[in-house]
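Here are my notes on the model you sent over.

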Amino acid sequence: MSTAMNFSSKAFKPRAPEKGSFPLDHLGECKDFKDKFMKCLQDCSFDNSQCRLQSKDYLECRMENQLMAKEPLEKLGFKDLLDAPPSQADADSKP
């Protein structure tokens, strides 16, 4: 009885990367956003909570350029940075 495994019987099927894996920005489409984010991190002693706006802008750029899957910003933790809908903004400004 042979216990050797035959790996050639199955064809390799590529699959999409796991969430959190995305292509590198080889063309530099989001380089300016990345640079602003990195500068903010350096200026703020790498406290990323101080650079959330730059992080949001960088991720938006990546999504717009198909460098990562589109996700709602609320799901990425930026709900508090989103602009309020006009109806809410008008209601909040009334006395």
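Is Glu 71 buried or exposed? Glu 71 counts as buried, because its relative accessibility is 18% and the cut-offs are under 20% for buried, over 50% for exposed and partly exposed in between, with a 1.4 Å probe and protein chains only.

1. Ground rules. This is a predicted model, where local features need pLDDT of at least 70 and side-chain atom pairs count only at pLDDT 80 or more, while totals for chains, interfaces and linings use all residues. Residues are numbered from 1 along each chain as its sequence is written, and side-chain values use heavy atoms, leaving out hydrogens and water.

2. Overall make-up. The protein has 3 helices and 0 strands, so the order from the N terminus reads α-α-α, where helices (H or I, at least four residues) and strands (E, at least two) are DSSP runs numbered from the N terminus. Of the 95 residues, 18% are buried. The protein exposes about 8200 Å², with carbon and sulfur atoms supplying 55% of that; the areas come from the Shrake-Rupley method with a 1.4 Å probe, and for residues only the protein chains shown count as cover. Take the contacts (heavy atoms within 4.5 Å) between residues at least 6 apart in sequence: 48% of them join residues at least 24 apart.

3. Back to Glu 71. You'll find Glu 71 in the loop between H2 and helix H3 (86–93). Its side chain meets that of Lys 75 in a salt bridge, 3.5 Å from N to O. A salt bridge here is a side-chain nitrogen of Lys or Arg within 4 Å of a carboxyl oxygen of Asp or Glu.

4. In helix H1 (residues 31–43), Asp 35 and Lys 31 are 4 residues apart, about one turn of the helix, and their side chains form a salt bridge at 2.9 Å, N to O. Asp 35 is partly exposed at 34% relative accessibility, and Lys 31 is partly exposed too, at 44%. Lys 34 joins in as well: Lys 31, Lys 34 and Asp 35 are linked in a network of salt bridges.

5. Lys 56 and Glu 60 lie 4 residues apart in helix H2 (residues 52–64), about one turn of the helix, and their side chains meet in a salt bridge of 3.4 Å, N to O. Which end is buried? Lys 56 is, with a relative accessible area of 9%; Glu 60 is partly exposed at 24%.

6. A lysine over a ring. Lys 36 lies over the face of Phe 33, 5.9 Å from the ring centre. To count, NZ of Lys or CZ of Arg must be within 6 Å of the ring centre and within 35 degrees of the ring normal.

7. Two backbone angles to check. Most residues other than glycine have a negative phi. Ser 45 is not a glycine, yet has a positive phi of about 55°; Gln 66, also not a glycine, has a positive phi of about 55°. Ser 45 sits in the loop between H1 and H2 and is exposed at 64% relative accessibility. Gln 66 sits in the loop between H2 and H3 and is exposed, with a relative accessible area of 60%.
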